[in-house]
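This report is written for a reader who is meeting the structure for the first time. Please keep the sequence and the model in view while reading.

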Amino acid sequence: PFGLDQRPLNATCKAPARPPSTPVSVRFERVFKDISLGTPMGLTQIPGDPSRFFVFQRGGTVISFPSDNPAQTKTVLTIPKQVNTNGEGGLLGLAFHPKFLQNGQVFFSYTTSGGATGMRSVVARMTSGDGGQTFGDYKEILGPFDQPFSNHNGGDAHFGNDGYLYLSFGDGGSGGDPLSNGQNKNTFFSKILRIDVDGGDPYAIPAGNPFKNGGGEPATFAYGLRNPFRFSIDRATGEVWAGDVGQNVWE
C-alpha cells in the first residue's frame with residue numbers, strides 16, 4: 001500500500017534552470033556575544049515561554065540563559081547516564097513537550113556505552129518541577145538498542161503539530177549501508193519514527209503510522225533514509241522536512 005512498484009516516466013516535471021551565480025550580500029552576525037559553549041548541538045525554547053533559551057551540548061548537558069541577559073548561563077540538566085561521544089555520538093536531540101508548562105517533560109535522544117558494539121541509542125525523558133530550572137526523574141522511553149557503527153546515529157527529536165514525538169535515526173553507519181538497513185522495515189534504523197508519549201507507557205503508536213497493524217516496526221513514520229541528522233516540522237502545515245546525509249557527492 002506504500003511506494004511505487006515502477007518508476008513512472010517523467011515527461012513534464014522538470015527541474016528549473018540553476019539560478020545565476022550572482023554575488024549576494026550575506027553576512028553572519030553574532031547574537032549572543034558573551035556565551036562560552038563547548039559542543040552545542042541545538043538551540044531551543046520552552047513552548048509558550050520566549051524568556052529563555054536552552055542549548056543542549058554533545059557531552060550530555062543542557063545550558064539555559066535568559067533571552068535578555070545571555071551572560072547568565074546555568075546548567076539545568078545533566079544526563080545521569082554515561083554519554084558516549086565517540087564518532088558521531090553524544091546528546092543529539094532534545095524536545096520540550098508541547099505542554100511543558102503543565103507537565104514539565106523534556107525528551108532527548110543520545111548515545112550511551114554498552115551492548116555488542118560499545119554504543120547504544122536511547123530516548124529518555126526527564127521532568128522539571130520548577131519551570132525548567134532543574135530536571136530529574138530520568139526514564140528511558142525507547143531503547144537502548146545497539147548501534148553497529150559509531151556514525152549515522154541520527155538522533156534529532158521534535159514534537160509535531162499533532163502532539164506526537166518524532167525521532168530520527170540513521171542506517172547504523174559505515175559506508176554504503178553494509179547491513180542493508182535502508183530498506184529494512186523492522187528496525188529503528190534509517191527512519192523517522194513517530195510515537196505518542198501521552199497515550200501509553202512508555203508510548204503508544206499513533207493511528208496513521210504505516211506499520212501500526214503489522215508489516216514493519218510500528219513506530220515507523222518514514223523509512224529509506226541514510227542519516228536524517230536534522231529535521232524540522234513546519235508549524236503552519238505540519239510537514240516534516242529532513243536534511244539527509246548523502247555519500248560522496250550529494251546531500
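Two strands are said to pair if DSSP finds at least two bridges between them. The model described here is a predicted one, and in it strand β13, covering residues 230–233, pairs with strand β14, covering residues 240–243, in the antiparallel sense over four bridges. Within this pairing, S232 has W241 in β14 as its bridge partner.

The hairpin formed by β13 and β14 has six residues between the strands, and G238 in this hairpin takes a positive phi near 80 degrees.

## An open sheet of four strands

Elsewhere in the chain, four strands form an open sheet with antiparallel pairing, and their order is β1-β2-β3-β4. The edge strands are β1 (40–46) and β4 (74–78), each of which pairs on one side only. If direction is ignored, neighbouring strands of this sheet are turned by 30 degrees against each other on average.

In soluble globular proteins, nonpolar side chains tend to be buried together. In this model the largest nonpolar core has 19 residues, and those with the most contacts inside it are V62, L77, F96, F108, Y110 and F135. Several strands contribute to this core: β2, β4, β5 (91–96), β6 (105–112) and β7 (120–127) each supply at least two of its residues.

What does F135 touch, when residues up to four places away in sequence are not counted? F135 touches V76, L77, F96, F100, G104, V106, M126, T127 and S128.

## A buried methionine in a loop

M119 is placed in the loop between β6 and β7. Is this residue, M119, buried or exposed? M119 counts as buried because its relative accessibility is 3%, and the cut-off for buried is under 20% relative accessible area.

Leaving aside neighbours within four places in sequence, M119 is in contact with N84, N86, G89, T111, T112, G114, F145, D146, Q147, F149, S150 and N153. For one of these residues, F145, a separation can also be given: the C-alpha atoms of M119 and F145 are separated by 8.6 Å, while the two residues are 26 residues apart along the chain.

Methods: Residues numbered from 1 in each chain as written. Predicted model: local features only at pLDDT ≥ 70, side-chain atom pairs only at ≥ 80, totals over all residues. Heavy atoms only, no water. Axes fitted to C-alpha atoms, helices over the stretch in contact; angles between N-to-C directions. Core = buried A, V, L, I, M, F, W, Y, C linked by side-chain atoms within 4.5 Å. Buried < 20%, exposed > 50% of the residue type's maximum accessible area, 1.4 Å probe, protein only. Contact = heavy atoms within 4.5 Å.
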